[in-house]
Amino acid sequence: MSKDITRGGQFLIKETKYQDVFTPEDFTEEQIMMRDSVKEFIDKEIWPNKEKFEKKDYAFTEASMRKAGELGLLGVAVPEAYGGLEMGFISTMLVCDYISGATGSFSTAFGAHTGIGTMPITLYGNEEQKKKYVPKLASGEWFGAYCLTEPDAGSDANSGKTKAVLSADGKHYSITGQKMWISNAGFCNVFIVFARIEDDKNITGFIVENDPSNGITLGEEEHKLGIRASSTRQVFFSETKVPVENMLSERGNGFKIAMNALNVGRIKLAAACLDSQRRLITQSVKYANERIQFKTPISTFGAIRTKLAEMATNAYVGEAASYRAAASIEERINQRVAEGNSHQEAELKGVEEFAIECSILKVAVSEDVQSCADEGIQIFGGMGFSEDTPMESAWRDARISRIYEGTNEINRMLAVGMLIKKAMKGHVDLLGPAMKVADELMSIPSFDVPDYSELFAEEKEMISKLKQAFLMVAGSAVQKYGPDLDKHQALLMAASDMMIEIYMAESAILRTEKLAKLKGEENIKEQIAMAQLYLYHAVDIIGAKGKEGIASFAEGDEQRVMLMGLRRFTKYVNLPNVNALRETIATKLVESNEYVF
């Protein structure tokens, strides 16, 4: 079967068929074996030692990373030529997913090393650099860290003040500056450092070996709200000599390296928030079944069952969307390789193509894991606030997810900004569909009763209408503000929330429709309920954010017409029984005593 491969952002203007998406139910035997081996490692080496991570045992984090290296888990995405396993993008997501569930400290160390610590060299390094550094990083013999953030350069990454000065003989650069919030700094062997040469517009990347005798000093370990055993230090460079051959890519290309590394980091961060949710839900269900109040388990109470159902729904939808996007990226990479691109170029362009989806996932799943941990504490009640249960540390660890790899506010605005840029380049036709929606607003709506006998017939029509709502708001905003739209951040945030909910809800519907064809509707009633429940919430959010957006730039008749259109686009014909959907989901969880989806 030939697959229709869409471009990044095109989900807003095209109908995606369930046959064209990848779901967790599509894992190959090899991927399932990899998943199970990662789970075994986490259950044996990490989960039983959570207390060591909470007590800031940085040495144990380093030792655990070495064990992961011995198992080959640090080189999953690295080409075989440099000592890695060279597995596809879906498989690298899978490893990142299941290796990250037990504790944020180990998850951060793993992500910082395999992602932003290794991938810049793999994707931008020349042959000599890759041969020298990547095998050591892939095996865990060496560890990597990424030095971008400075006291005055956070979200505005290109504003860094760290300087690189070429020596008189032209053989090395002297780097001087201060970097902060550097993960793995305490035990890394090599830094990816970004500095500015002379008065260049853009920063430049360098590979810098960690040698204290070469003008490198570390600050004390930061004492943080969460991820307590993740080594986080300031790094100071004082005329640190770096051979010219250690420049990464070309002069002035550092900002591009940083942004593309963050694209990969964003979708991997979404994956890193998934297994944490599964484990938190399982812990919550077990406690709810064991905790007796008023002579009955609290898992029988409607308020608790509502929480469990919502937690499971978000986890299920996050899985659906994350692996959908991962497969889109892998397909684009494979397509480029088939066209003759190098592995480096194919992966860079493949991820860059779906940068919008990467930002969407980073925001949605990082917020879901925080909500999951928060509700987990509530289910545990007073015990949830105690360090004796896993909820307290999970809540603290989850909090950083909304900050690193670009704050969720930055990512919300980036997602819409990148979509508009794609539209201006002709990669995504936003204007045509937006004008079509504007014309439809002036037409008389049909009062025919549609046939919704097929599974998800109404839900898919609703997804289509939600896309029209987004196009109406975003299209009108672009027409009104043009290139100045980026100055209207509140409007961008509202439009972004609409876009996020569309992608997540559609991913859930497509995953479940595919699952129904595989197993039969009668065997997946809980998954159907989760897809419908998520869409119900998405419709509410899109209605509220759409109203907020319209009110910010439209007045008079224009506003009235758009609000009328928004009501039309967010109206159910058959409103779902939300409480019944939650009860279906909760019953399965409580009877299974774990997250089983």
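These legends accompany close-up views of a predicted model. Local features are described at pLDDT of at least 70 and side-chain atom pairs at pLDDT 80 or more, while totals for chains, interfaces and linings use all residues. Residues are numbered from 1 along each chain as its sequence is written, and side-chain values use heavy atoms, with hydrogens and water left out.

**View 1. Domain division of the chain.** Domain 1 covers 22-142, domain 2 covers 143-250, domain 3 covers 252-407 and domain 4 covers 428-590, with bounds that come from an automatic or database domain assignment. The centres of domain 2 and domain 4, taken over C-alpha atoms, are separated by 44 Å.

View 2. Helices (H or I, at least four residues) and strands (E, at least two) are DSSP runs, numbered from the N terminus.

**View 3. The second largest pocket.** This pocket has a volume of about 700 Å³, the volume being the space filled by probe spheres set on grid points that are joined across faces, edges and corners. On a 1 Å grid over the protein atoms alone, a pocket is an open set of points where a 1.4 Å probe fits, with protein on both sides within 12 Å along at least five of seven lines, and lining residues have an atom within 4 Å of a point. Of the 28 lining residues, Tyr98, Arg278, Tyr595, Val596 and Phe597 are the closest to the pocket centre. Helix H9 (274-290) is among the helices that each supply at least two lining residues, and H9 gives the most, with six.

**View 4. The aromatic pair Phe11 and Tyr503.** The whole structure holds 13 aromatic pairs, counted where ring centres of Phe, Tyr and Trp (its six-membered ring) lie within 6.5 Å, with planes under 30 degrees apart taken as stacked, over 60 as edge-to-face and the rest as tilted. The rings of Phe11 and Tyr503 have centres 4.8 Å apart and planes at 65 degrees, so the pair is edge-to-face. Phe11 lies in the segment before H1 and Tyr503 in helix H17, 492 residues apart.

**View 5. The aromatic pair Tyr287 and Phe380.** With ring centres 4.1 Å apart and planes at 15 degrees, this pair is stacked. Tyr287 lies in helix H9 and Phe380 in helix H12 (residues 355-380), so the pair ties together parts 93 residues apart in sequence. Both residues are buried.

Methods. Buried < 20%, exposed > 50% of the residue type's maximum accessible area, 1.4 Å probe, protein only.
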